[in-house]
Amino acid sequence: MKSLALCCIALVSSAQTQAQEHVNGQLWMDTEGNHINAHGGNIIQYGDTYYWYGENRPYRGFTTEAGVGVYSSKDLKTWKNEGIALAVSEEAGHDIERGCIMERPKVLYNAKTNKFVMLFHLELKGRGYEAARVAFAVSDTPTGPFRFVRSTRVNANKWPFDMNKKAQKLAQQTNAAQWKDWWSAEWRKEVEKGMYLWRDMQGGQMSRDMTLYVDKDGKAYHITSSQENLTLLVSELTDDYLDFTGKYNMVAPGGQNEAPCIFQHEGTYWLICSGCTGWAPNEARMFSAPSIWGPWTQHPSPFVGVATGYRDMPANKTFGAQGTYIYEMNGKPIFMADIWNERHLSNSLHLWLPIDFDGQGVPVIRWVDKAF
Ligand code: DGJ
């Protein structure tokens with residue numbers, strides 16, 4: 001009996017040790033010994049607790065069967081599963097009906113309203129990736145339950161604030177319906193003129209991969225992959241974070257960037273994105289700007305070396321991962337990413353890497369087994 005008790009104590013303490021390990025390239029266990037099923041998400045701190053939100057993915061299939069999950073931690077290492085923060089709806093035809101696709105949820109705490117606000121990429125059930133909407137949900141507590149508010153395309157009937165009349169006129173001369181074949185030099189010119197911006201002017205711009213960013217002055221921004229994933233949009237949110245003000249602009253038109261992640265360092269805004277290759281990894285792209293509104297300058301990928309702890313994946317494959325968020329831990333930016341497991345999305349691995357800076361203050365990201 002005594003030896004059985006000792007054995008149980010040993011098992012429990014080994015699960016606890018495991019819970020605090022977090023080695024990049026391996027499964028990350030929660031306090032119950034299950035892999036952390038929170039993908040494409042973000043972390044916030046509220047009081048003395050950290051909350052990690054993310055896609056709760058099924059082991060098989062890729063539609064959303066549960067919702068957005070949330071975990072809590074006091075040390076960013078030991079994560080307790082707090083359950084589903086925003087659950088799918090059982091009502092047929094509901095925007096977030098079970099079987100829809102909820103991706104890249106991001107939560108912010110709004111001090112003015114004392115609410116937790118979640119925005120996420122939503123695809124309607126049975127419609128693949130064509131709806132391309134952003135959805136809003138709100139809660140009084142960090143672990144929810146969040147209440148679904150609405151889903152929408154973005155910036156309907158609004159031009160980017162910095163697009164002059166001449167450029168608007170050019171965009172209005174384009175006709176997306178006439179381009180059946182993509183990727184020619186002519187097609188690209190039309191995209192850069194704003195062909196998809198004009199196509200979606202009335203119904204609102206597409207919004208897929210997304211992140212949120214709160215600037216030092218408290219203003220919040222939604223950054224999303226729009227226009228058939230070809231162009232990023234930066235849009236200002238209202239003070240309660242529950243709507244758009246209508247002020248927005250485009251970043252890298254035609255550049256085909258997704259998985260946007262952003263942070264600020266010594267007055268420079270750094271945006272790290274991926275290319276568009278589905279669940280497969282590709283080379284990261286990096287941009288800098290003196291303001292959230294640009295102008296954005298492209299730099300080489302910040303990734304260098306190889307992933308010694310994960311199949312020796314090279315830097316030009318972002319070590320096998322795709323970014324989701326940049327979390328600043330005591331002033332140190334941490335690049336959070338997912339190593340997608342397309343066959344078993346719930347088992348996609350987490351990769352957290354510290355962002356360093358070279359002599360010119362440009363971000364550099366190297367493989368380390370543990371972020372901290
Ligand atoms: C890449 C995106 O970054 C993911 O969030 C997801 O939408 C996959 N594409 C789907 O293929």
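Which element gives the largest share of the lining of the largest pocket?

**View 1. The largest pocket.** Strand β20 (322-329) gives four residues, the largest share of the lining. A pocket is an open set of points, on a 1 Å grid over the protein atoms alone, where a 1.4 Å probe fits, with protein on both sides within 12 Å along at least five of seven lines; lining residues have an atom within 4 Å of a point. Strands are DSSP runs (E, at least two residues), numbered from the N terminus. The space amounts to about 510 Å³, a volume being that filled by probe spheres set on the points. Among the 19 lining residues, L108, Y213, V214, Y325 and Y327 lie nearest the centre.

**View 2. The second largest pocket.** This pocket has a volume of about 260 Å³. It is lined by 15 residues, with E103, Y129, D209, E258 and G278 closest to its centre.

**View 3. The largest nonpolar core.** A nonpolar core is a set of buried Ala, Val, Leu, Ile, Met, Phe, Trp, Tyr and Cys residues joined through side-chain atoms within 4.5 Å; buried means under 20% relative accessible area (1.4 Å probe, protein chains only). This core has 23 residues, and I272, F303, F319, F335 and L351 have the most contacts inside it. Strands β13, β14, β21 and β22 each give two or more residues to the core.

**View 4. A second core.** A separate core of 22 residues includes A85, L86, C100 and M118.

Residues are numbered from 1 along each chain as its sequence is written, and side-chain values use heavy atoms, without hydrogens and water. In this predicted model, local features need pLDDT of at least 70 and side-chain atom pairs count only at pLDDT 80 or more, whereas totals for chains, interfaces and linings use all residues.

Methods:
Buried < 20%, exposed > 50% of the residue type's maximum accessible area, 1.4 Å probe, protein only.
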